[in-house]
Amino acid sequence: MVFKVYNHFSVFTVRTENLKEFCKFIGCHYEGLLDHSKTRFLSLLPCVEKIILQYAALKAYFLWE
């Protein structure tokens with residue numbers, strides 16, 4: 001899931017701008033999503049934490065899309 005969410009937003013800046021607007025609408029602070037490396041398992045926790053912080057905005061974005 002971490003890879004798919006990051007790849008969905010990393011390629012297109014329009015998608016990132018839409019996510020920023022969803023964050024503003026919901027009232028959460030937008031923080032850039034982090035990329036997780038398959039060989040560095042310690043990078044997984046910060047990636048998941050960022051997704052959890054922005055979960056409401058991400059859920060609204062994907063339900064809207």
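Okay, so a contact here means heavy atoms within 4.5 Å. With that in hand: among contacts between residues at least 6 apart in sequence, 62% join residues at least 24 apart.

Quick housekeeping. This is a predicted model, where local features need pLDDT of at least 70, side-chain atom pairs count only at pLDDT 80 or more, and totals for chains, interfaces and linings use all residues. Numbering starts from 1 along each chain as its sequence is written, and side-chain values use heavy atoms, with hydrogens and water left out.

Now the fold. We've got four helices and zero strands, with helices being DSSP runs of H or I, at least four residues, and strands runs of E, at least two. Along the principal axes, the C-alpha box is roughly 35 × 20 × 15 Å.

How many of the 65 residues are buried? That's 25%, where buried is under 20% relative accessible area and exposed is over 50%, with a 1.4 Å probe and protein chains only.

Let's look at α1, residues 2–11. Its buried residues are Val-2, Val-5, His-8 and Phe-9. Down the axis of α1 they fall within an arc of 145 degrees (directions from the axis to the C-beta atoms), so they line one face of the helix. What covers them includes α2 (13–26), α3 (44–53) and α4 (55–64). On the face turned away from that buried side, you'll find the exposed Lys-4 and Val-11.
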